[in-house]
Amino acid sequence: MFEIRDPIHRTISFSEREKRVVDHPFVQRLRHVRQLGLSYTVYPGATHDRFSHALGAMHVAGRMWARMVETSGEILRTHFSDDDLSYFRQILRFAGLMHDLGHPPFSHVSEKFMPRFADLDLPRDWLVTPDQDRQASHEDYSVVLIAALAADDTAPLSRDEAQDVASLVHHGVLPSAAWQKRFGENEGSKGIHRLLRSLISGELDCDRMDYLLRDAYYTGVAYGTHDMDHLIANLGVVDQADRGLVRTIDSTAVRAFEDFLLARYHMFLQVYLHKTTIAFDHFLERALEDGEFELTFPGDAKGYSRLRDSTMIERLFKAADDPKNVWSRRLVARQPAKLILMSSNAKPDEKALMAEVIAALKTAGVPCFELTSHQYLSKSLPTVEGAGGPSSMLVRRKMFGKFVYEPIERYSALLTKYNEAIDMTHLFVLPENYASAKAAISRFSA
């Protein structure tokens, strides 16, 4: 076993086989992609990278699975051998490690400029319904890189392992034929793939559990803290006749789960949607749209792996030398936009006020721009618009000497209350227009 010291989890251990993947250039590239993009312009400590988060997610995924085997091993071993459980653990840890493998420099801003899916070099036979015309996403590029990790005999993953890992990371990827033969025909194994995937991307997953703690630590805020140990300690599995294997959490940990949700809610409002950061993201987007500097996305794994934050930073600074490149110059000089108004689109009075303010600015000839953010605390609950289906996590509680299981959203009133969309609009003007903007809207503050 190998060990790495980590400020969040103290010690992260991994095997020699996992070390081969960790040391691969495609994974090491994540050392050079910041976890929070331009947030370091607001929080100076937020220079942490996606590599440390990848290691943390792998570690948390392993802990979650180990605890579920410990608490529900009798249920799992009814359907699976110890070798099967070991295989699930391995691909789960690999999926945690590689779930963000395809993130581009500065993440979601540059993702808007990715090519068509058809231009990507990935195995089409892995996909459920390949849509050739849609724009590619970072999840698609994760599949490109994961597939390349099984490209030849010297690669650290077998082709079947790579496809199984990709199927946990990307909802459009099927498990391998070997998986289907080994588990798909076994009626008792119904739901195991869904169960594993939920630990990578679900109600309570390794991704969120790590990044909330990590982002809070490096930004220096307290909003993202939650009791991860207590949450993991209370995980389990139940085998339901109509659904197969479903993840559970004991009723004693529901309050810790609610704290986890609130941590995510407050991190969105205070860090991820910080007014200065989203305005700088807009500047970067405009610089790319206006062609102030070039960013192209190769469709192959080796070409894509050369893209790092430094790639964009050097081009950005070079572009800023030209007076015509106004957006690059604002970014380099760190000249933030001025926030005029922030409103919730879910509140009609605030939405109406936003429309009036925008109209007043336009009448006065003051340029402005709006940035709208739309997020859910959870996208998988039946209470979420368009989600549908049963809850992916059940609460286990004792009643009259027996265990009963309830959907998490029924047990937690706070979850239902806070699972409304975070639907907000920020209205900005550029610094040189701020005085004119204040004069144009002075009547609203009277």
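**Entry 1: strand 9 and its partners.** I began with histidine 374 and found that its bridge partner in strand 9 is aspartate 423. A reminder to myself before going on: this is a predicted model. I then looked up the pairing around that bridge, and strand 6 (residues 369–375) runs antiparallel to strand 9, joined by seven bridges. Strand 5 (residues 338–344) is also antiparallel to strand 9, with six bridges between them. On that side I noted leucine 339, which stands opposite phenylalanine 428 of strand 9.

**Entry 2: cover on strand 9.** Is strand 9 mostly covered or mostly open? I found that eight of the eight residues in strand 9 (residues 422–429) are buried, so I wrote down "mostly covered" under the cut-off of 20% relative accessible area. I sorted the residues by face: one side carries Ile422, Met424, His426 and Phe428, the other Asp423, Thr425, Leu427 and Val429, and both faces are covered.

**Entry 3: a hairpin.** Next I turned to strand 3 (residues 235–240) and strand 4 (residues 244–250), which pair in the antiparallel sense over six bridges. They form a hairpin, and I found three residues between the two strands. Within this pair, glycine 236 stands opposite threonine 248 of strand 4.

**Entry 4: helix 9.** I listed the buried residues of helix 9, among them Ile192, Leu195, Leu196, Leu199 and Ile200. His193, Arg197 and Ser198 are on the buried list too.

**Entry 5: aspartate 281.** I placed aspartate 281 in helix 13 (residues 275–289). Its relative accessible area is 23%, so I have aspartate 281 down as partly exposed. Which residues does aspartate 281 contact, once neighbours within four places in sequence are left aside? I found Leu38 and Val109. I also looked up serine 110: it is 171 residues from aspartate 281 along the chain, and their C-alpha atoms are separated by 9.4 Å.

**Entry 6: cysteines.** I searched for disulfides and the structure holds zero. I checked the exposure of two cysteines while I was there. Cysteine 206 is buried, at a relative accessible area of 0%, whereas cysteine 368 is partly exposed, at 25%.

Notes: Residues are numbered from 1 along each chain as its sequence is written. This is a predicted model: local features need pLDDT of at least 70, side-chain atom pairs count only at pLDDT 80 or more; totals for chains, interfaces and linings use all residues. Side-chain values use heavy atoms; hydrogens and water are left out. Two strands pair if DSSP finds at least two bridges between them. Helices (H or I, at least four residues) and strands (E, at least two) are DSSP runs, numbered from the N terminus. A disulfide is a pair of cysteine sulfur atoms within 2.5 Å. Buried means under 20% relative accessible area, exposed over 50%, partly exposed in between (1.4 Å probe, protein chains only). Contact means heavy atoms within 4.5 Å.
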